Amino acid sequence: MVDYVNELEEIKEEWLPSRKQLVSTLKRLGMGTRKLEHSQEVADFALKIVQEVEKDGIKVNKKIVEAGALLHDIGIVYMLDDLSPEHSVIGAEIIRKLGLPERVARCAETHEPITWQEAKDWKYPILPLKETYMPQSIEEKIVTAADFFIYVLKEGPEDFGYERFNLWKDPKKAIIESFYPYCREVYKKKIGKEITKNHSMIKRGYELFEGFVKYIKPDFI
Ligand SMILES: [Fe+2]
Ligand SMILES: [Fe+2]
């Protein structure tokens with residue numbers, strides 16, 4: 001039998017709307033100015049990571065990365081606040097309903113390093129079907145890393161009252177200290193539990209992000 005599912009996915013990828021069209025879709029769905037700016041910054045940052053990753057001979061689909069980065073937070077338009085990691089799975093459903101490629105949907109779906117068990121415990125409105133929602137493909141990993149490193153370098157630490165961490169001098173400290181406040185707030189909100197910096201969610205994030213530090217350059221921001 002012809003593998004029509006893959007063929008149709010390839011066609012959908014060729015049909016991908018332009019950046020301008022994707023940004024106007026986000027506006028039309030009511031995404032606020034700050035999130036809209038964030039989405040475009042993540043897309044620019046992700047494309048810079050792509051250039052570095054490609055120097056290592058790794059093949060990356062730039063169109064999927066750009067669309068995935070622009071749309072990664074699309075689910076937030078239906079959430080009440082930023083501390084709702086389920087915006088990832090809701091966003092993926094919106095992307096699928098818009099008829100966009102599955103590989104773009106997966107970039108949104110996997111951009112929060114949440115396990116299936118956490119999604120279940122936190123009563124996600126859509127329970128992931130897969131065993132894990134950690135990013136798998138290089139495109140998914142780049143979108144997730146871009147979102148995270150913008151947070152480390154620009155958005156997060158100062159919001160939490162810390163001095164900016166030197167990502168290149170002490171990547172471990174920068175990643176853990178930046179990721180921990182977010183994870184702690186999410187856990188507190190979801191199950192009213194305090195977590196420590198040794199929690200598996202922090203470890204999971206660190207393992208995912210540490211390999212990307214070499215691809216992040218100070219002039220990316
Ligand atoms: Fe997000
Ligand atoms: Fe984001």
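In which sense, left-handed or right-handed, does α3 pass α4? In this predicted model, α3 passes α4 in a right-handed crossing. The residues that form this contact are, on the α3 side, Ser39, Gln40, Val42, Ala43, Ala46, Leu47 and Val50, and on the α4 side, Lys62, Val65, Glu66, Ala69 and Leu70. Sorted by class, the contact comprises 8 nonpolar, 2 polar and 2 charged residues.

| Helix pair | Axes come within | Crossing angle | Handedness |
|---|---|---|---|
| α3 (residues 33-55) and α4 (residues 62-71) | 7 Å | roughly 155° | right-handed |
| α5 and α6 | 7 Å | roughly 165° | right-handed |

Angles over 145 degrees count as roughly antiparallel. With axes crossing at roughly 155°, α3 and α4 are therefore roughly antiparallel to each other. For α5 and α6 the crossing is roughly 165°, and these helices are therefore also roughly antiparallel to each other.

The contact between α5 and α6 brings Ser88, Val89, Gly91, Ala92, Ile95 and Arg96 of α5 against Val104, Ala105, Arg106, Ala108 and Glu109 of α6. Its composition by class is 6 nonpolar, 2 polar and 3 charged residues.

The loop between α5 (87-97) and α6 (102-109) contains Leu98. Is Leu98 buried or exposed, or does it fall in between? A residue is buried if 20 or more other C-beta atoms lie within 10 Å of its own, and exposed if 12 or fewer do. Because Leu98 has 15 C-beta neighbours inside 10 Å, it counts as partly exposed.

In soluble globular proteins, nonpolar side chains tend to be buried together. The largest nonpolar core of this model has 51 residues, and Ala46, Ile49, Ile142 and Ala146 are those with the most contacts inside it. At least two residues of this core come from each of α2 (19-28), α3, α4, α5, α6, α8 (138-159), α9 (171-191) and α10 (200-210). Which helix gives the most to this core? It is α8, with 8 residues.

Residues up to four places away in sequence being left aside, Ala146 touches Val42, Phe45, Ala46, Ile49 and Ala69. Among these partners, Val42 and Ala46 of α3 and Ala69 of α4 also take part in the contact between α3 and α4.

How values were computed. Residues numbered from 1 in each chain as written. Chains lettered and ligands numbered in written order. Predicted model: local features only at pLDDT ≥ 70, side-chain atom pairs only at ≥ 80, totals over all residues. Helix = DSSP H or I, 4+ residues; strand = E, 2+ residues; numbered from the N terminus. Axes fitted to C-alpha atoms, helices over the stretch in contact; angles between N-to-C directions. Parallel < 35°, antiparallel > 145°, perpendicular 65-115°, else oblique. Left-handed = near helix turned anticlockwise from the far one by under 90°. Contact = placed C-beta atoms within 7 Å. Nonpolar A, V, L, I, M, F, W, Y, C, P; charged D, E, K, R; others polar. Core = buried A, V, L, I, M, F, W, Y, C linked by C-beta atoms within 7 Å.
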